[in-house]
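Here's a quick briefing to read alongside the model. Have the sequence and the 3D view open as you go.

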Amino acid sequence: MTISYTLKEAEAPFRGFSGLLLHWRGTIYKLLYKEFLLFIILYALLSITYRLLLTQEQRQVYARARYCNHSVDLNPLSFLLGFYVSLVLNCWWAQYTSIPLPDRLMWVIQASVHGVDQHSCLLRHTLVLYANLASVLVLHSVSTGVLKRFSTKERVVDAGFVSQEERKKFESRKSDFNKYWVPCIWFTNLVAQAPRDGGIHDEAICFLLEELNKYWANGCSMLFHYDWVSIPLVYIQVVIIIVCSFFTLSLDGHQFVEPEAGAAKPRESLELGQEPGPALGDMDVYVPLTTLLQFFCAGWLKGAEQIINPFGEDDEDFETNQLNDYNLQVSLLSVDDMYQNLPPGKDEGSARPFYTVATVESRCSLFFRGSTFNLRVRDPEQILQVEASPGSAQRVPTAQTPLLSRFVSAGEPFPAINLENLGRAGGDLRTPQLLRFRVEEGGDPKSGDCVEREATGSGDQAREP
């Protein structure tokens, strides 16, 4: 059963995720406590052996194994675990999204198969049962929980997914491969036969088969292939070898060794005339806290080990039996009891959402309408006024609309610009900024490719041609 903690983190309290550390089911403590106790026992045995059982000569020989501490630092543990866990996590989520859910298919069945007579009701009911039977057979092949629930074909018959005659017809088809696709064949045969009986229109067959194809290809078939083709074994072997070797070397490399036994740290270079000081060894810590905290990196491997097959019986595995119950109950309720069972309509304007005392503070007084909604353009250089035609003393009438009036102030009207007037030569342009066309070399002098602005001393003075 999956562990849900979303509600506990809905408000992001002061302690944050620290409250989740007190749980037991589905946590790192439950996954790692056996290996953690084994690591502590082995570390304590090596420490006791060195301190109490070895002689001085044996300690000197043991001290030569201090190179293990240097080897531990060269181990790329974090990189390999991060890569492997991300690969397993993506595969885990992809398997969850591949679980067949008949929601869309039952909607199409309800909308395509019309009629309240016995034949139409039986047709809708049978189509939904065949879709659920296909998902049960697929999950029966990949999930241990579904396999224990429907251990034999008789259990499937007793559950109502299939009749005795359909079970015999299913078993009569001999095949060396899994036959979870047989109910989908029955589904298509029934849909193809329905137009002749008047149950389904010809136009609705395409929609039914399209949804069945999505239900099959994106759900049943993909889920079976995820169970068939696993993550390459070499990835798992490399990660296991690296993790196990890392903590095996840590058992010896992180042990305390006396300075005179050869565990002295490299001393700094001595100046001329300076005498060397006494050799300094490691701090004698009976409980290596940093080493024990580092051991929790193995929790990544244990977490990946738990979710690499999410169809088992671990704490974080998928609840496949509950999914089967949901699929069957909801789909049958949709096509049987709720077919053309509509509530009475309401009058126009009857919906008036309200806020309770607990939610009124979350109401926004001003809703977001766009980042530039309240922007006001007040720079005169952003406003361009152009006459309607050359030689005309009248200016182009300004285009005033309720929407544009929000962006343009009353003293700076927004003009309607005619680009064709800009392309004609000889026009008398009386604007705060004069416009002229720059003619490219070898081009037509009557048409310009770009417009340049030139500042003038007065807005009423026009440039002579």
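Sort the residues lining the largest pocket by type and you get 14 nonpolar, nine polar and three charged. Keep in mind that this is a predicted model.

**The largest pocket**

- The volume of the largest pocket comes out at about 900 Å³.
- Its lining counts 26 residues, and the closest to the pocket's centre are Y5, G26, T27, I28 and E316.
- The top contributor is α14, which gives six residues to the lining.

**How α1 packs with α12**

- In general, you describe two packed helices by the angle between their axes and the distance between the axes.
- Here, helix α1 (residues 28-53) and helix α12 (residues 233-253) have axes that come within 9 Å and cross at roughly 30°.
- Angles under 35 degrees count as roughly parallel, so α1 and α12 are roughly parallel to each other.
- As for handedness, the α1 and α12 crossing is right-handed.
- On the α1 side, the residues in contact are F39, L42, Y43 and L46, and they meet F247, S250, L251 and D252 of α12.
- By type, the residues of this α1 and α12 contact split into six nonpolar, one polar and one charged.

**One element in both topics**

Notes. Residues numbered from 1 in each chain as written. Predicted model: local features only at pLDDT ≥ 70, side-chain atom pairs only at ≥ 80, totals over all residues. Heavy atoms only, no water. Axes fitted to C-alpha atoms, helices over the stretch in contact; angles between N-to-C directions. Helix = DSSP H or I, 4+ residues; strand = E, 2+ residues; numbered from the N terminus. Parallel < 35°, antiparallel > 145°, perpendicular 65-115°, else oblique. Left-handed = near helix turned anticlockwise from the far one by under 90°. Contact = heavy atoms within 4.5 Å. Nonpolar A, V, L, I, M, F, W, Y, C, P; charged D, E, K, R; others polar. 1 Å grid on protein atoms, 1.4 Å probe; cavity = no way out; pocket = protein on both sides within 12 Å on 5 of 7 lines; lining within 4 Å. Points joined across faces, edges and corners; volume = space filled by probe spheres on them.
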